[in-house]
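Trainee: I would like to learn how to read a model of this kind, feature by feature. Could you give me the general idea each time, and then the case in hand?

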Protein chains: 2
Amino acid sequence: MTGSRILITGAAGFTGRHACRHFAAAGFDVYAVVRQGAGEPFDDGCRTLACELTDSSAVRKLVDGVKPDFALHLAGMNAVAESWKRPADCMETNLLATIYLLDAVRLAVPACRILAVSSMLNFSMTSGAPKPPHPYSLSKTMQLLAAQAWAHLFGQPVLFAQPSNLIGPGPSNGLCGLLAKWVADEESGGASRPFTLSSYEEKRDFLDVRDAVAAYSAILQRGEEGAVYKIGSGLQRSLGDTVEAFKRRSAADLAVTLRPNPLAPPDPDEVDLTFISGLGWRPAIPFEQSIEDALAYYRQRRG
Amino acid sequence: MTGSRILITGAAGFTGRHACRHFAAAGFDVYAVVRQGAGEPFDDGCRTLACELTDSSAVRKLVDGVKPDFALHLAGMNAVAESWKRPADCMETNLLATIYLLDAVRLAVPACRILAVSSMLNFSMTSGAPKPPHPYSLSKTMQLLAAQAWAHLFGQPVLFAQPSNLIGPGPSNGLCGLLAKWVADEESGGASRPFTLSSYEEKRDFLDVRDAVAAYSAILQRGEEGAVYKIGSGLQRSLGDTVEAFKRRSAADLAVTLRPNPLAPPDPDEVDLTFISGLGWRPAIPFEQSIEDALAYYRQRRG
């Protein structure tokens, strides 16, 4: 796809940085969209553009200027705790910004293929009043429904990915990012503090962020319009095993405190990779490698 | 409810004007919210406040200032044709403004009972991707879902009404409003032009706007939190009969042109009034009276 233009929102985030690198290496002209004042421009030959995505006219100007062939929409408020504190902002950031982006693309470049990254934390709508577990889940579920409805109304090629927990090198507030940062902190001395875990038995699916980006690329280029692609490693791993994987890579004296979360959701179902495997994608980076790379990232920042 | 404060949004609209009058007469302190520059203040002892409801901090300031006991949220973009032209604005106006209002009330007066007026044009969500017939339907369906979910998350007392087609005196862009205006125009001379109708057989439920406001009052004061109250006359009337009701009230030479609408939805189900009748409400104003009053309104403006 040499010469194709791709707009990547949330480009300064954990996934966004990997995505910019990936698409630039694949020969795309990458337009990396970041918040006003979100940091310095990217290397790797990406063009960095600042835009407030909750400002509809700014989004219109952005899309008019770039006229992308593809858009990878990663931007959003991505934290459950934050969504309880600022629920209206969460709806604005996750739902309305997506509508603005879809609408700007509809007007400027209707054939542009847009991938919106959804969440495994979506709740399922059944009959009766909807009962999301938190505002984040509400915002992401509405984002998906609104974008699918939009695609139906205007015939736009919109695609969706539902990733599991992304891990690997870079600044991440996910569990493995927090563990990697903690290990690096403990190794560098300073006040020793235990890591607080909700349970050893709870299970999660972890996927390397670079594998996720490869999946996004496959979906953007060959995915079925309107479809939702679940992506993950397909493996369930207990939080206890996850912590152990970090501990055995360090000589530091690492202690864990258990603080059970009475509101913890049940273990998720295994991620079914049948649909995404139809695009020729499967996870390639082993869990152990992701852990190594996450640790290396935080050790380097500490060093 | 003498002395209770009620905030009424969309107060300058067809329903809003009647609502302000109704609640003021019932002894409420009425705070009538209108758009910036939406016209002169109301009589009937209402306080008029200008506010842009798509501006979250303006909404916060509004609610902080009034600290209402009740809120009747009538404001919104209320036209299918307009929603096709400005779909993102429609989502912002109908969905996001509702979230801003709920959130401002949550922070300032969490016990305030809020009635959001939904629409008979909502589409039903089944499994699979949502397929609304137009952006207006998408916005109103999302408004209902988001507000119900919000009520679930924060325990706010939110209520919903789904009215049928409102008719009666005042400026309305509904079918009967357009017919009344047309008759008054024809009677006052000027270029004679036929009224364009999609079909004589199509059926609708028409409810007087003053009856609707009485229902909103009952729901606000005695309705079940989270519930959706359908309101209507309970009678289906053909468009042909509706036109005839206007024609036989005028000596003017009135001609109708048929222009079938291939996208016309099927006739709606009869409005089931069982649930709302539990609040002691039923329609009181006969159809013929609504027609008379609609005609009188437009004839007076012409005269």
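**Reading the model**

Mentor: Let us begin with surface: chain A exposes about 13200 Å², of which carbon and sulfur atoms supply 50%, the areas coming from the Shrake-Rupley method with a 1.4 Å probe and, for residues, only the protein chains shown counting as cover. Keep in mind that this is a predicted model, in which local features need pLDDT of at least 70 and side-chain atom pairs count only at pLDDT 80 or more, while totals for chains, interfaces and linings use all residues. Residues are numbered from 1 along each chain as its sequence is written, chains are lettered from A and ligands numbered from 1 in the order in which they are written, and side-chain values use heavy atoms, with hydrogens and water left out.

Trainee: How many helices and strands does chain A have?

Mentor: Helices (H or I, at least four residues) and strands (E, at least two) are DSSP runs numbered from the N terminus, and chain A has ten helices and 13 strands. The radius of gyration, taken over C-alpha atoms, is compared with a globule rule of 2.2 Å times the number of residues to the power 0.38; for the 303 residues of chain A the rule gives 19 Å and the radius is 19 Å, so the chain is as compact as a globular protein of that length.

Trainee: What share of chain A is buried?

Mentor: Buried means under 20% relative accessible area, exposed over 50%, and partly exposed in between, with a 1.4 Å probe and protein chains only; by this reading, buried residues make up 52% of the 303 residues in chain A. With contact defined as heavy atoms within 4.5 Å, 78% of the contacts in chain A between residues at least 6 apart in sequence join residues at least 24 apart.

Trainee: How should I read the length of a helix, for instance what span α10(A) should have?

Mentor: The expected span is 1.5 Å times one less than the number of residues. For the 16 residues of α10(A), residues 287-302, that rule gives 22 Å, and the end C-alpha atoms are 23 Å apart, which agrees. The buried residues of this helix, among them A:Phe287, A:Ile291 and A:Tyr298, pack against several elements of chain A, including α6 (175-187), α7 (209-222) and α8 (239-247).

Trainee: Is α6(B) mostly covered or mostly open?

Mentor: The general idea is that an α-helix has 3.6 residues a turn, so residues three or four places apart point the same way. In α6(B), ten of the 13 residues are buried, so that the helix is mostly covered; B:Trp182 and B:Asp185 are among them. Just after α6(B), B:Gly189 takes a positive phi of about 85°.

Trainee: Where does a positive phi occur in a residue other than glycine?

Mentor: One case is A:Lys67, whose phi is near 45°; this residue is found in the loop between α2 (56-66) and β4 (70-73) of chain A and is partly exposed, with a relative accessible area of 43%.

Trainee: Which residues does B:Pro87 contact, beyond its neighbours within four places in sequence?

Mentor: B:Pro87, found in helix α4 (residues 87-108) of chain B, is in contact with A:Asp103, A:Arg106, A:Trp150, A:Phe154 and B:Pro135 once those neighbours are left aside. At 1% relative accessibility, B:Pro87 counts as buried.
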